[in-house]
Amino acid sequence: MFISSAYAQTAAPAGGDMSTVLIGLAPYLLIFVVFYFLLIRPQQQARKRHMEMVANLKKGDVIVTTGGLIGKVKSVAEDELRVELAPNVDVRVVRGTIAEVRSKTEPAPANDSKPS
């Protein structure tokens, strides 16, 4: 009375249709494309901007570290900076810990004209 008859179904062809495979992969491809444009690409662009900012640091720039310290760059070395946090208080900071450049120093004007 509560048990219905079960009938065996024939098996699907072993090869499968190519369009069926593509339709099955479409959601995964769509998810990857959305992740790329919403997460991966913006992160790569932000990293590139940060690397350019850190590479262009020079003496006199006012910076903020990732720890929140604000200071003025006194000297620039290969992978670290000497930053003045207060008068007579200098610290060494690794370049990668710079979060933001508050104010850039203007490049010195070229002295092309020689006094006579």
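**View 1. L81 and its partner across the strands.** In this predicted model, L81 has V93 in β4 as its bridge partner. Strands here are DSSP runs of E with at least two residues, helices are runs of H or I with at least four, and both are numbered from the N terminus. The two strands involved, β3 and β4, run antiparallel and are joined by 6 bridges; strands count as paired if DSSP finds at least two bridges between them. Look at the hairpin of β3 and β4 too: 2 residues lie between the strands, and N88 takes a positive phi near 65°.

**View 2. Who else touches L81?** Skip the neighbours within four places in sequence, and L81 is in contact (heavy atoms within 4.5 Å) with a list of residues. Among them are L57, I63, V73, V91 and I98.

**View 3. The largest nonpolar core.** Which residues make up the largest nonpolar core? They are V54, L57, I63, V73, L81, V83, V93, I98 and V101, 9 residues in total. A nonpolar core means buried Ala, Val, Leu, Ile, Met, Phe, Trp, Tyr and Cys residues joined through side-chain atoms within 4.5 Å. Buried is under 20% relative accessible area, exposed is over 50%, and partly exposed is in between, using a 1.4 Å probe and protein chains only. In soluble globular proteins, nonpolar side chains tend to be buried together.

View 4. β1 (residues 62-65) and β2 (residues 70-76) pair in the antiparallel sense over 3 bridges, and I63 stands opposite G71 in β2. β2 also pairs with β3, again antiparallel, over 4 bridges. Here V73 has V83 in β3 as its bridge partner, and a hairpin of 3 residues joins β2 to β3.

View 5. The 5 strands form an open, antiparallel sheet in the order β4-β3-β2-β1-β5. β4 (89-94) and β5 stand at the edges with a single partner strand each, so one side of each has no neighbour in the sheet. Along the sequence, the chain reads α-β-β-β-β-β.

**Notes for all views.** Residues are numbered from 1 along each chain as its sequence is written. In this predicted model, local features need pLDDT of at least 70 and side-chain atom pairs count only at pLDDT 80 or more, while totals for chains, interfaces and linings use all residues, and side-chain values use heavy atoms, leaving out hydrogens and water.
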